[in-house]
Amino acid sequence: MANRTLHRLQRLWVRRTLALALFAGLAVAGYLAFSVWDRVGALGSAHQDHAEWVYSQLETDFLKLERALDDARSGTAVELTNLRKRFDIFYSRTQVAARVQGVSELSAETERLRRVLDAQIAIIDSPDAQLFSRLSELQFALQTIERLPRQIGLASISFAAAASEAEREQIVQLIEMLLLLALIVISALIAMTIRLSRQALVLNRTSRAAEENHLRLATTLRASLDAVVVVSDGGEILDFNGSAETIFGITRNTALGKNFIDLLIPPKSGTQQSLNLETFREIGRGRVTGTSRHEFEMTNDEGHIFPVEISVSLTRSDDAPVFVTYIRDITDEREKEEEIIRARDDALVAYREKSRFFAMMSHEMRTPLNGVLSAIHLLNDGRLDGEQQRFIDAALTSGDILLGHIDDVLAIERSEADTSDLELQACNISALAIGILETMKPLAKMSGTRLHLKQSGVNDRLILTDPRAIQQILVNLVSNAIKFGPDDDITLNVSYQESSNEDAILQLQVSDNGPGISQSDIQRIFEDYVSLDSRYERHTGGTGLGLGIVRRLVLRLGGDVTCHSEPSQGTRFVVRLPVTTIVPEKAHTPALRDPNPRQLTPMKLLAVDDNEINRDLIKAMLQRLGHTVTLASGGQEAITVATNNRFDAILMDISMPGVNGLQATKAILAGGGPNAETPIMAVTAHALPKEREEFAAAGMRGFLQKPLNTKKLNNALEALVLATHDGAPHIDQPIAKDSKAPVPLLNENQVSELFEVLGHATLTDRIATLAARIEGALPELMKTHETGTLQAKAHDMAGVSAMFGAVRLHRQLRDIETDCKNGDISRALERVKDIPNIWNNTHSAWHSRLADNRADTAS
Amino acid sequence: MKFQTISNTIYALVGGMAIATAANAGEILLDVSIGDQKHKYTLEDLQALPSTDFVTSTIWTEGPQVFEGVLLKELLDKLDVTEGEIEATAINDYSVTLPVSDATADGPIVAYLANGSLMSRRGKGPLWIVYPYDSNPMYKTETIYSRSIWQLDRIAVK
């Protein structure tokens with residue numbers, strides 16, 4: 001940039017200097033030419049007569065005059081006339097001589113000559129006689145000047161020589177000037193010629209280069225695979241290459257001069273294009289020009305419309321702008337693209353179908369397997385002989401392995417779901433780890449391995465995570481270690497490390513001192529269906545999905561898993577998960593906290609299942625746990641039974657013909673019957689997270705996956721009881737869903753406390769008083785539309801309801817109070833409308849609680 | 001300079017006095033011979049011919065002069081001379097040859113009046129072939145000056 005500017009400045013300077021020189025040269029030449037012309041003009045005209053002649057004639061005429069004087073002495077008239085003539089001639093000659101210019105040295109002599117002659121005029125003009133008598137006088141006068149004509153003549157010679165010399169000098173000078181002028185002109189001409197020839201050379205070269213360039217461009221245009229159409233700003237086609245002919249099916253000659261909109265643009269978008277061109281002409285800037293490519297539709301000679309990719313560049317040739325348009329027919333590309341998208345969609349659909357198929361199949365397999373295993377468990381009551389016991393054990397082991405395989409498939413399905421489906425909840429990792437090791441102990445014992453647990457920084461810390469995933473991860477890692485290392489020591493090391501920010505790292509490390517894994521195998525152990533050891537295959541079998549599941553689950557939790565091992569040096573799996581510690585109130589005890597089944601207070605339970613075997617099994621298991629069980633074979637029957645009897649909990653199968661589990665749950669909870677507050681738990685083999693969300697939405701408070709066993713049932717019921725007592729509404733319910741859960745009518749803890757403190761009779765009395773008070777205040781509350789009054793009444797009633805544990809009523813009244821404070825009267829009034837209904841439900845809940853209590857105390 | 005002007009005036013006066021002697025009536029001023037033919041012209045004869053005048057400066061005089069006389073062409077036309085040369089001779093026998101082609105309509109005249117006065121023999125008269133020197137640069141050459149013959153008294157057509 002700076003160089004170009006410098007170059008331009010230099011060229012400008014050179015040009016200016018040249019112009020100045022030319023001007024100066026012209027001025028000099030002009031001046032010279034003028035003076036030469038002037039001099040030539042001066043030379044061209046003679047300014048005087050031949051001086052030599054004049055002066056020599058002067059002497060001649062003088063001599064003739066003298067001779068005429070001598071002749072006149074004869075006294076004849078003729079001679080006297082001749083004397084007069086000669087005098088006149090000499091006189092005239094003297095006049096002429098006096099006129100010869102520049103002879104200043106001679107002017108004195110000619111002057112004297114004339115004076116003498118003038119003096120003689122009187123004698124000459126006198127009559128002949130007088131002239132004759134005065135001839136001597138005349139002669140004397142002439143004698144006084146007789147030397148003058150000669151002197152003048154001689155002097156004039158040197159003068160003439162000087163004059164002619166001066167003239168010659170002048171001519172030489174003139175010629176010199178002419179030569180100089182000629183030289184200047186010739187130099188200028190030569191310089192000009194050189195310059196012109198140089199320019200001509202450059203011009204030639206440039207034009208040849210331009211021509212070559214043009215040829216090359218033209219060849220490129222012709223050879224271009226893209227159609228190239230050159231269009232003027234008026235839309236006229238200026239050029240049309242070979243590819244354009246092929247694409248549009250129009251010959252170049254036909255296309256040239258036509259309007260490209262009429263010829264190449266489909267009628268429906270032609271107007272838009274015309275507008276675009278017009279806009280360009282007006283503002284000088286195009287919408288489609290530039291380097292970027294646009295997709296467009298164009299039409300060929302048959303009116304077939306096809307997709308094109310177009311790129312337009314603007315060239316300002318001469319003065320009018322020209323669009324160079326590169327057009328590529330992308331019909332094939334479009335088709336391929338669509339095909340690929342279709343293929344991808346098909347693949348996705350197929351994948352989803354397969355996924356659904358796996359889920360369905362595992363469910364379908366689990367249901368009968370559930371039956372088989374439960375039946376075997378019931379048979380295994382310790383009253384069998386040795387051989388029978390071995391068969392039973394074999395059947396249980398095989399069933400467990402099969403169940404494990406199905407669980408693996410389900411786990412894979414689960415692990416591939418979105419991370420948004422993560423069920424984060426507070427969990428005590430320490431307890432979880434202890435529980436897992438406890439459950440794995442029998443397996444470890446069988447293969448002669450010893451399990452150890454080490455903890456650092458964990459204690460009873462509550463961590464927000466997905467316990468189910470953690471459980472699965474640990475079970476897979478530990479069971480792998482057990483399978484691979486008979487007679488080994490296996491250590492589960494759980495550590496919790498605070499990090500700089502709020503998040504902390506939970507590290508789960510499972511190490512053994514077994515045979516180890518070779519470096520090359522470490523690369524692939526996390527892949528699906530990889531089984532390293534033939535022993536493993538032979539002895540235990542396996543899907544080879546275990547570590548794949550671990551990897552998926554760890555990824556879902558945002559962590560990483562690594563394996564460190566050297567042959568015969570043992571193996572160490574390290575899982576690092578980012579976790580958040582939470583405050584203890586939000587936690588609930590995980591299902592596996594206590595591996596030893598604890599005897600619960602006997603409960604009154606309703607179990608619903610359409611499968612008769614399952615029904616009987618559940619009943620048997622629950623009865624073994626000491627509970628009272630009522631059975632229902634379908635949704636409708638469950639609703640009927642629930643209307644007439646109050647239960648502590650309901651176990652509800654989901655997929656049932658007729659009224660399904662979800663519908664029945666909604667009906668029971670909404671019916672306002674004795675079980676409106678009863679926790680209902682889903683019992684199903686349906687394991688997909690989305691379905692579990694539906695359960696929660698229907699108001700179910702837990703989820704129990706089939707197949708069932710007594711331990712599982714006990715844990716679930718225990719959790720349910722604990723949750724209800726803690727005021728936590730659900731078990732297995734994601735914390736994120738808490739806000740959606742309906743507030744219970746009564747606080748069970750408070751109710752129990754009231755019973756303990758007041759006793760049944762007093763409490764019955766108090767409740768009646770309370771009911772009377774509220775029912776008395778209610779009509780007024782309903783009528784009130786004034787903010788202040790409404791706020792006061794709601795406040796009063798809220799205080800009373802809180803005292804008697806009417807949580808939902810209390811919450812509603814408090815919300816009304818808040819709305820009044822915020823000035824949102826319309827929202828407050830909207831809430832007031834719900835009060836009678838809530839009160840009625842609360843009242844009936846109290847009644848049923850009083851009735852139950854009386855029955856309990858009675859029994 | 002002043003002195004020169006005064007002396008010029010004196011010459012003019014003297015010249016004027018000489019007129020009576022220089023141009024006596026009936027005196028033959030010009031002989032024209034065409035072969036054997038002889039034509040003689042007095043001042044009156046010449047004045048009878050159509051006259052032409054012009055103003056010009058000359059190298060023999062000071063300042064612009066008014067000359068009046070007969071066009072040489074007029075004179076020769078009258079004599080049916082249209083080509084060839086003429087030999088003009090002065091009183092002192094100075095003689096020069098002119099081509100007839102010199103005699104054009106705006107060419108030389110045979111002047112008999114200078115500034116309205118007849119020219120005396122003493123004042124380069126009585127006849128003088130004068131070219132209009134100022135009107136044509138071609139007339140400002142030595143050749144033309146040599147042809148401007150004063151004290152003309154004979155013309156011979158060859």
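## Starting point

Helices (H or I, at least four residues) and strands (E, at least two) are DSSP runs here, numbered from the N terminus. With that in hand, let's walk through the structure, which is a predicted model. In chain B, for instance, B:Pro126 sits in the loop between β8 (117-118) and β9 (128-130). The peptide bond that joins B:Gly125 to B:Pro126 is cis, with omega at about 0 degrees.

For chain A, the mean pLDDT is 79, and 86% of the residues reach 70 or more. Among the elements of this chain, β13(A) has the highest mean pLDDT, 91, while helix α17 (residues 534-539) of chain A has the lowest, 42. The pLDDT is below 50 over residues 534-541 of chain A, and this stretch has 7 contacts in the model beyond near neighbours in sequence.

## The parallel sheet of chain A

Chain A has an open sheet of 5 strands, in the order β14-β13-β15-β16-β17, with parallel pairing. At the edges stand β14 (628-632) and β17 (702-705) of chain A; each has a single partner strand, so one side of each is left without a neighbour in the sheet. On average, and with direction ignored, neighbouring strands of this sheet are turned by 25 degrees against each other.

Strand β13 (residues 604-608) of chain A is mostly covered, with 4 of its 5 residues buried. It runs parallel to β14(A), joined by 5 bridges, and A:Val608 stands opposite A:Ala632 in β14(A). To get from β13(A) to β14(A), the chain passes through helix α19 (residues 612-624) of chain A, in a β-α-β crossover that is right-handed. β13(A) also runs parallel to strand β15 (residues 649-653) of chain A, with 4 bridges between them. There, A:Met652 is the bridge partner of A:Val608 in β15(A).

Strand β16 (residues 680-684) of chain A pairs with β17(A) in the parallel sense over 4 bridges. In this pair, A:Ala682 stands opposite A:Phe703 in β17(A).

The loop between α22 (689-698) and β17 of chain A holds A:Arg701. Is this arginine, A:Arg701, buried or exposed? A:Arg701 has 25 other C-beta atoms within 10 Å, so it counts as buried, the cut-off for buried being 20 or more. A:Arg701 and A:Met681 are 20 residues apart in sequence, yet their C-alpha atoms are 5.5 Å apart in space.

## Nonpolar cores

In the largest nonpolar core, which has 41 residues, the members that touch the most others are A:Ile473, A:Leu474, A:Leu477 and A:Val478. Helix α15 (residues 467-484) of chain A gives the most to this core, with 9 residues. Leaving aside residues up to four places away in sequence, A:Ile473 touches A:Leu508, A:Val550, A:Leu553, A:Val554 and A:Val575.

There is also a second, separate core of 37 residues, and A:Met621, A:Leu625, A:Ala642 and A:Phe647 are among them. In soluble globular proteins, nonpolar side chains tend to be buried together.

## Chain B in outline

Chain B has 4 helices and 10 strands. Along the sequence, they follow the pattern α-β-β-α-β-β-α-β-β-β-β-β-α-β. The chain has 158 residues, of which 35% count as buried. Among its contacts with a separation of 6 or more, 61% are between residues 24 or more positions apart.

Strand β1 (residues 28-34) of chain B runs antiparallel to strand β2 (residues 37-42) of chain B, and 6 bridges join them. B:Tyr41 in β2(B) is the bridge partner of B:Leu30. The two strands, β1(B) and β2(B), form a hairpin with 2 residues between them, and B:Gly35 in the turn has a positive phi of about 65 degrees.

## Positive phi outside glycine

B:Asp93 is not a glycine, but it has a positive phi of about 70 degrees. This aspartate, B:Asp93, lies in the loop between β5 (85-90) and β6 (95-99) of chain B. It counts as exposed because it has 10 C-beta neighbours inside 10 Å, and the cut-off for exposed is 12 or fewer.

B:Gln151, also not a glycine, has a positive phi of about 55 degrees. It is found in the loop between α4 (142-147) and β10 (152-157) of chain B. With 23 other C-beta atoms within 10 Å, B:Gln151 is buried.

Note on methods. Residues numbered from 1 in each chain as written. Chains lettered and ligands numbered in written order. Predicted model: local features only at pLDDT ≥ 70, side-chain atom pairs only at ≥ 80, totals over all residues. Pairing = 2+ DSSP bridges. Axes fitted to C-alpha atoms, helices over the stretch in contact; angles between N-to-C directions. Contact = placed C-beta atoms within 7 Å. Right-handed = clockwise from strand over helix to strand, strands pointing away. Core = buried A, V, L, I, M, F, W, Y, C linked by C-beta atoms within 7 Å. pLDDT = per-residue confidence, 0-100.
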